[in-house]
Amino acid sequence: MKITGNEPAHPLKEMVYSEGLGGHIGIDYLGLTIRQQFAMAAMQGMLANNEGCMAQGSSRSFNPETIAACAVNQSDALIEALNKPRP
């Protein structure tokens, strides 16, 4: 099963209704996407470690933009790795 990361991590269905269209018109999913959840976990680890992005060239100071970009890169790398065929 290939994932893109845009799927809901823990889907909660919400029925969408419209009075003007006669009732139920679809389903929405609430919550974080898989990519967002992976990035959140990566960011938590980097901030707890205080050296999480050192390998990617950031300084010891917490630069929010650098930490966020690093977390997203880690998330995308994990999704890519999960999509590789298993031997």
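Is aspartate 76 buried, exposed or partly exposed? Aspartate 76 counts as partly exposed, at 30% relative accessibility; buried means under 20% relative accessible area, exposed over 50% and partly exposed in between, with a 1.4 Å probe and protein chains only. The model is predicted, so local features need pLDDT of at least 70 and side-chain atom pairs count only at pLDDT 80 or more, while totals for chains, interfaces and linings use all residues. Residues are numbered from 1 along each chain as its sequence is written, and side-chain values use heavy atoms, with hydrogens and water left out.

**View 1. Crossing of helices α1 and α2.** The axes of α1 (residues 34–49) and α2 (residues 64–83) come within 8 Å and cross at roughly 125°. α1 is therefore oblique to α2 (angles under 35 degrees count as roughly parallel, over 145 as roughly antiparallel, 65 to 115 as roughly perpendicular and the rest as oblique). Helices are DSSP runs of H or I with at least four residues, numbered from the N terminus.

**View 2. Contact of α1 with α2.** Residues of α1, including Phe38, Ala42 and Met46, meet residues of α2, among them Ala71, Ser75 and Leu78; contact means heavy atoms within 4.5 Å. By class, this contact has 14 nonpolar, two polar and two charged residues.

**View 3. Salt bridge of aspartate 76 and arginine 35.** The two side chains meet at 2.6 Å, N to O; a salt bridge is a side-chain nitrogen of Lys or Arg within 4 Å of a carboxyl oxygen of Asp or Glu. Aspartate 76 in α2 and arginine 35 in α1 lie 41 residues apart. Arginine 35 is partly exposed, with a relative accessible area of 32%.

Note on methods. Axes fitted to C-alpha atoms, helices over the stretch in contact; angles between N-to-C directions. Helix = DSSP H or I, 4+ residues; strand = E, 2+ residues; numbered from the N terminus. Nonpolar A, V, L, I, M, F, W, Y, C, P; charged D, E, K, R; others polar.
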